[in-house]
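Please keep the sequence and the 3D view open as you read.

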Amino acid sequence: MDILIRDLDYAVDINLNVYKNIDILIRRDEDSKKISIDRGRNLLEKSNLDKKDLKIIDGDKKCALPGLSNNHTHIPMTLLRGIADDMILQEWLREKIWPNEGRLTGEDVYYGALLGCLEMLRFGITSFNDMYFFPEEIVRATKEVGIKGTVGFPIIDFGTPQCKDLDKLLNNCEKFIKEYIAEEKINPVVAPHAPYTCSKDTYVQCREISQEYNVLLHTHLSETRYEVVEMENKIGMRPVEYLESIGILGDNLITAHCVWITKEEVKILAKHRVKVVHCPGSNMKLASGGVMPLVEMLREGVSLSLGTDGPASNNNLDILEEMKIAALLHKAHRWDPTVGDVDTVLRMAFNSESIGFENRDIVLLDLNSPHLRPVHNIKSNIVYSANGNDVDTVIVEGEVLLENKKFSKIDDKYLRNIYHKVNSIIKKFN
Ligand SMILES: O=c1[nH]cnc2c1ncn2[C@@H]1O[C@H](CO)[C@@H](O)[C@H]1O
Ligand SMILES: [Zn+2]
C-alpha cells in the first residue's frame with residue numbers, strides 16, 4: 001500500500017535539502033519493485049489519490065530523514081556487549097572476544113543478530129554492513145526483521161579457533177554468495193578480516209571470488225598503530241601500500257577504520273576509489289590511538305561513511321550518536337570547530353550506496369521532546385541533540401517496520417522471548 005506522511009514539521013532529503021510543513025508520498029510499484037518518493041504541500045488534495053488506498057501517517061511534530069546506514073559492524077556481538085571494556089584491542093580480541101566467540105553456535109549467532117537488527121531498526125538504521133561467523137544466520141535474522149543487510153562471509157586464516165581449513169572456508173564462501181546473491185534486501189560479500197589475520201594468498205583468493213560474482217569485499221584496515229608497525233617491520237610496507245601492491249584496492253572494496261594512514265596512503269585510497277568506513281566510537285573506546293584523517297580524506301575525495309563497529313566496542317549500534325561522536329572527535333583533534341560539520345556527518349550517515357543499497361528509506365524523528373526544542377536549524381538538532389531513541393517511525397523499501405516506536409512485525413511477547421534466549425546464551429561465557 002502507498003504511504004502518505006502528512007503535515008511533517010520538517011524533512012531533510014538525501015541531498016541535505018530542508019523542507020518545512022511538507023507531505024511525503026511513498027509509492028511502491030509491485031511489479032518493478034521501484035519506490036518513488038514525492039514531497040509537496042497538501043499532496044492528498046492536489047492529487048487524485050483515494051484515502052482508502054493509502055496508509056496515512058501523521059507527521060505533526062516530526063522530522064523525516066533518509067534511512068541511516070551502519071556501514072561497519074559485527075551485529076551478533078550484541079551477545080558480548082559489556083563483557084570486556086577498557087582493554088587494548090589485541091588483548092581484547094585474544095583474551096576475551098575470540099575465546100568466547102569460539103563457544104557460539106549458529107543458533108546463538110541468530111539470536112544475537114536478531115537483537116542487533118531490532119536495535120538498529122529501533123534507531124532508524126535501515127541498512128548495515130556486517131562481518132561475522134555464521135553469516136547465513138545473520139541473513140535469517142535480517143530477513144525476519146526486514147531491514148537491508150550487506151552480509152560478509154568472514155575469512156580469517158590464522159590466530160583464531162574458528163579457522164581450520166582455508167580451502168573449505170573459501171568454498172563455503174562461494175556457496176554463501178550463490179545462495180543469497182538474488183535476494184533483494186541482502187548483499188552477500190567476501191570479508192577477509194584484516195592484513196594481520198589473512199595472508200597475501202588469502203586476500204588474492206578473496207578478490208578472485210568477489211570478481212567472479214561481482215560482489216563487494218569488506219576488510220579491517222590500519223585500525224591500530226601496532227598493526228602498522230608490525231607490518232612495516234615484517235615487510236617494509238604500510239597496510240594500504242601492501243594491499244595496493246597485491247591488487248586488492250578498488251571501488252568494490254570497503255575498508256573499516258583507516259586510522260593510521262599517511263597523506264600518501266589517503267591519496268592511494270582516493271585513486272582506487274576505496275570506500276572507507278569511519279568508526280570513531282570504537283576507535284576511541286579501544287584507544288586505537290590517532291584519529292582517522294578526515295580532513296585529508298575529504299580533500300582527496302575519498303568515499304566516506306559511518307560505522308559503529310561491533311556492540312562490544314561501542315557499545316551500541318546508534319548512528320545518530322555516532323554522528324555526534326564523529327563531529328566532536330575531529331573538532332577536538334584539529335582544534336578547529338569547522339571540521340566535522342553538520343552536513344559532512346549527515347552525508348556520511350545517509351551513505352548506503354557504498355554498501356550497495358540505494359537509499360529509498362524514510363525515518364521519522366519525534367520532535368515532541370524537550371531536548372529537541374526549539375528548532376533553529378533542524379540539521380543541527382539531528383546531529384547534536386538527537387539520539388536513536390528519538391526515532392518514531394521507520395519505512396524500509398515502502399514498508400512500515402516501526403511505528404510509534406513499536407515494531408510492526410514483532411510483538412512484545414516475542415521480544416521478551418528473544419531477551420530470555422540471549423540471557424541463557426551468555427551463561428556459557430567467561
Ligand atoms: O575492531 C575490531 N578489530 C578487529 N576485529 C574485530 C573488531 N571488532 C570485532 N572484531 C572481530 O572480527 C571478527 C569477525 O570477522 C570477530 O572475531 C570479531 O570479534
Ligand atoms: Zn570491526
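## Where to begin

Where is the place of D309? D309 sits in the loop between β13 (303-306) and α12 (319-334). Helices (H or I, at least four residues) and strands (E, at least two) are DSSP runs, numbered from the N terminus.

A word on the ground rules: this is a predicted model, in which local features need pLDDT of at least 70 and side-chain atom pairs count only at pLDDT 80 or more, while totals for chains, interfaces and linings use all residues. Residues are numbered from 1 along each chain as its sequence is written, and chains are lettered from A and ligands numbered from 1 in the order in which they are written.

## The annotated binding site

An unreviewed UniProt entry places the feature "binding site" at H72, H74, H220 and D309. These positions spread over 238 residues of sequence, yet they cluster in space, with a largest C-alpha distance of 11.8 Å. UniProt positions are given in the numbering used here, feature names are shortened, and annotations may be inferred rather than shown by experiment.

H72 belongs to strand β6 (residues 68-73). H72 counts as buried because it has 28 C-beta neighbours inside 10 Å, and D309 counts as buried with 27. (Buried means 20 or more other C-beta atoms within 10 Å of the residue's own, exposed 12 or fewer, and partly exposed in between; C-beta atoms are placed from the backbone.)

Leaving aside neighbours within four places in sequence, H72 is in contact with N129, A256, V277, C279, G307 and D309. Contact here means C-beta atoms, placed from the backbone, within 7 Å.

## Around ligand 1

Of the 16 residues around ligand 1, H74, I97, M131, P154 and G310 come nearest. A residue is near a molecule or strand if its C-beta atom, placed from the backbone, lies within 6 Å of it. Helix α2 (residues 89-101) gives the largest share of this shell, four residues.

By class, the shell has seven nonpolar, six polar and three charged residues. Ala, Val, Leu, Ile, Met, Phe, Trp, Tyr, Cys and Pro count as nonpolar, Asp, Glu, Lys and Arg as charged, and the others, Gly among them, as polar.

## Two domains

The domain assignment gives domain 1 (2-65 + 363-412) and domain 2 (68-355); such bounds come from an automatic or database domain assignment. The contact takes 22 residues from domain 1 and 24 residues from domain 2.

Technical notes. Contact = placed C-beta atoms within 7 Å.
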